[in-house]
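The stops below are given in the order in which to select them.

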Amino acid sequence: MRNNIPLIGAAAVFAACVSVSSPRGPMDAPVITDSKYKRGADQLVRIALSTKATEGRIGATGGWELFDRNGSSLVARAGSTDEWTITHQPGAAFRVSQGDKSQTVTGPVVARPSSAGSLIKWNAKRYRGDLLLIGSDSGLLAINVVSMDSYLRGVVPLEIGARTAAEFAAVQVQAIAARTYSYTRLTSSRAFDMYATVQDQVYGGVDAEKAQTDSAIVTTRDLVIAYAGRPINAYYSSTCGGSTAGASEVWNDRPDEPYLRPVSDRIPGTDRFYCDPSPRFSWTQTWDKPALRAVMDKYLSAYTPAPKSGVGRITSITEQGRTASDRIAVLRVTTESGAYSLKGNDTRFVLRNPQGAILNSTYFRHVTTVEGGEVSSLTVTGRGYGHGIGMCQWGAIGRARAGQDFRTILETYYQGARVGRIAG
């Protein structure tokens, strides 16, 4: 099995009581037959819960065991009330301690439930499957090794939120998109497949699971979005603002995919959009002169050749072109130290608010006020939240409210792709 960690026990069986049936149709036929992709109950994924920790607490809801680096020799056995502290030491060594008792083992080590229904806990959060701990020079790497189906149970509720019964198709859409994204992140080039954060998909383990999202996962079991027989890069973001974007419009280092093209979110026959219920469909942000100078001095040098010591007076900010979906293509910042071009998504990482949060999206227009040859204020009026590529989550919610099923929604946002099953 691709990406299976040797000697890690099988993840917990995914069982959920559901009453919602999955619409059937010709797209239920397998769209991916490559044997390296396993069905969700059999495909293990490795999720990095922490990557540079110096210490962590491990326990379980029932009996559990800790094995050595080979996963075969028992290091210790514990009960449901036992909690141990794992402390990283230089290299691959760990100190395992409980109270005044401790021992040093050479990692990796594997924590595994030993009784039926037991769940591993890492820093008090519960997880299905096993926990793999690896030491490195930079710290402790804690990896949850779990089945794809069980992983999705901890992802989908955090990505789509609590939805009404009328919005259930959007929850199914999120389940399929998250599943597809996960299959494209399976890798043998590093110790884990995905981060448990927005760097990939937000994952909360068992504590995040909800009955509604469990139902969506079951009723779409093994369904993915495919193009030319392979899972697509199923990018998604919160709110497109009226139109999704092609990858190259936003990300400077990503080529366009045939299924990632701008898609209008306009409701036919109206001047409204499916995603306009989003609280961040439209927004405005303003910087006065000190705030603008502060963000440029702090962030501009990370994305342009601007001097790290500061840019000096800002004399103009102009846009240079719009993209196919009407997003900003290049923002030109002219200062007394030089002129610098911000491309695509880089603009969001420079135009931060005073708390350091990045700009909502690149789908904006701007106005500057110039006094004495220096920009004294910048006002940005925009739409949307996120990169805008692929599926629009609020758009999916709006489309579900309008009665669209999950296939219609997905095949609208990922044009030319098909929804179907992994045969593996």
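**Stop 1: the largest pocket**

The largest pocket has a volume of about 1100 Å³. This is a predicted model, in which local features need pLDDT of at least 70 and side-chain atom pairs count only at pLDDT 80 or more, while totals for chains, interfaces and linings use all residues. Residues are numbered from 1 along each chain as its sequence is written, and side-chain values use heavy atoms, with hydrogens and water left out.

A pocket here is an open set of points on a 1 Å grid over the protein atoms alone, where a 1.4 Å probe fits, with protein on both sides within 12 Å along at least five of seven lines; lining residues have an atom within 4 Å of a point. A volume is the space filled by probe spheres set on the points, which are joined across faces, edges and corners.

Select V198, Y236, S237, W251 and H387: of the 36 lining residues, these lie nearest the pocket centre. Then colour α2 (156–160), β17 (236–237), α7 (346–350) and α8 (393–401), each of which supplies at least two lining residues. Helices (H or I, at least four residues) and strands (E, at least two) are DSSP runs numbered from the N terminus.

**Stop 2: the nonpolar cores**

Next select I58, W64, L133, Y151 and Y414, the residues with the most contacts inside the largest nonpolar core, which has 84 residues. Helix α3 (residues 168–184) gives the largest share of this core, 11 residues. A nonpolar core is a set of buried Ala, Val, Leu, Ile, Met, Phe, Trp, Tyr and Cys residues joined through side-chain atoms within 4.5 Å. Buried means under 20% relative accessible area, exposed over 50%, and partly exposed in between (1.4 Å probe, protein chains only).

A second, separate core of 23 residues includes A306, Y340, F364 and V380.

**Stop 3: strand β15**

Move to β15 (residues 223–227): four of its five residues are buried, so the strand is largely enclosed by the rest of the structure. β15 runs antiparallel to β25, joined by four bridges; strands pair if DSSP finds at least two bridges between them. L223 has R421 of β25 as its bridge partner.

Y227 is partnered by R230. Two residues lie between the strands of this hairpin, where A228 takes a positive phi near 55 degrees.

**Stop 4: G424**

Finish at G424, in the segment after β25 (418–422). Is G424 buried or partly exposed? G424 is partly exposed, with a relative accessible area of 47%. Its C-alpha atom is separated by 9.1 Å from that of D42, 382 residues apart along the chain.
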